Amino acid sequence: MKSPKIYKKLKNYTVVLIPEKNGKSKYFNISKKFLTYSFCSLLIIIVLLTSFFINYSNLKRKNLSYKTNNEQLNQSNLQKTAEIQSMKENMDKNNEELKNTEKELKNKLKELDELEVQIKEKLNNKGIHIESSNTINFELSSSEDIIKTADYKISSLTSLVNNVDKKLYIQAHKPSILPYYGTITSYFGVRKSPTSRGRSSEYHSGIDIGGSYGADIRCAADGIVEFAGWNGAYGKLIIVNHGNGYQTLYGHNSKLLVKSGQNVSKGQVISKMGSTGRSTGCHVHFEIRLNGNKINPLKVIK
Ligand SMILES: [Zn+2]
């Protein structure tokens, strides 16, 4: 063994290759510097390779994890797509149902509209005139339109009902029948005075209807008896108040069947025909007053 001092002084190494059998040995001179560089290079390569390998493994691991995540995401994506599709289908179904309901509602509104027209026509035929309301526009495009129209229809029908009640009240309380159906012997207005044997004219405030003594005198409309008793030229008189400004008077009766303050209805027998008061024969003097003014009964009762 050489001492380290001597070893340090060495600059080259000789590698001898000796053949196993006969032959010449081969000598290679290698400098110490070359050997050192070679060793360093090898070391660097090893370090680099190790570092590369570590990085590569990390990347591979990360890539694997990304792949797994990606797969999970894909799966979740598929699930969501299916959910959206099912929601879409549900929405389509709901939309179709809504459309059908809207169509049905429109038809019902149309029926109501037609019914309203028919009711009004029937009322008109019965002498109850109701203003016609605006016709419905059936080009309804949205649910809001249908709701608005339904609201309008409801208010129109409510007003119709209220109107009918009012008109029925007015109709029942408006004189509509004559107290007796017989020969009209004297009309409303200026006439020859029957008591002067036609020598002078006078104003006749009602109509006279002739009939037999004791015939039924009927009330011309619903109302309350305002007066039942003797009244000068009218003889035995009945005055009925019908409200809405209407009063009817029945004169020259032989007998009174109602009392003051009593409720009477249209067609009710209230007295018997006679010739009391200023009268030349058996008849009923029938008079209608509207707001206190004497009017022609035949203009009110057709
Ligand atoms: Zn008269």
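Of the 302 residues of the protein, 15% count as buried, where buried requires 20 or more other C-beta atoms within 10 Å of the residue's own, with C-beta atoms placed from the backbone. The model is predicted: local features need pLDDT of at least 70 and side-chain atom pairs count only at pLDDT 80 or more, whereas totals for chains, interfaces and linings use all residues. Residues are numbered from 1 along each chain as its sequence is written.

**Overall form**

- The secondary structure comprises four helices and 15 strands; these are DSSP runs numbered from the N terminus, helices being H or I of at least four residues and strands E of at least two.
- The protein is more spread out than a compact globule, because its radius of gyration is 60 Å, well over the 19 Å that the globule rule gives for 302 residues. The radius is taken over C-alpha atoms, and the rule is 2.2 Å times the number of residues to the power 0.38.
- The C-alpha trace spans about 190 × 35 × 30 Å along its principal axes.
- Among contacts between residues at least 6 apart in sequence, 60% join residues at least 24 apart; a contact places the two C-beta atoms within 7 Å.

**Nonpolar core**

- A nonpolar core is a set of buried Ala, Val, Leu, Ile, Met, Phe, Trp, Tyr and Cys residues joined through C-beta atoms within 7 Å.
- The largest such core has 22 residues, of which Cys 219, Leu 237, Ile 238, Tyr 250, Ile 270 and Val 284 touch the most other members.
- Two or more residues each come from strand 6 (207–210), strand 9 (235–243), strand 10 (246–253) and strand 14 (283–290). Strand 9 gives the largest share, four residues.
- Leaving aside residues up to four places away in sequence, Val 284 touches Pro 179, Tyr 180, Ile 209, Ile 217, Tyr 250, Gly 251, His 252 and Met 273.

- An open sheet is formed by three strands in the order 7-13-11, with antiparallel pairing; strands pair if DSSP finds at least two bridges between them.
- Strand 7 (216–218) and strand 11 (255–256) are the edge strands, each pairing on one side only.
- Strand 7 is joined to strand 13 (residues 269–272) by three bridges, and Ile 217 has Ser 271 in strand 13 as its bridge partner.

**Helix 2**

- The 94 residues of helix 2 (residues 32–125) should span 140 Å at 1.5 Å a residue, which agrees with the 136 Å between its end C-alpha atoms. The expected span is 1.5 Å times one less than the number of residues.
- Gly 127, which follows helix 2, has a positive phi near 85 degrees.

Methods:
Buried ≥ 20, exposed ≤ 12 C-beta atoms within 10 Å, placed from the backbone.
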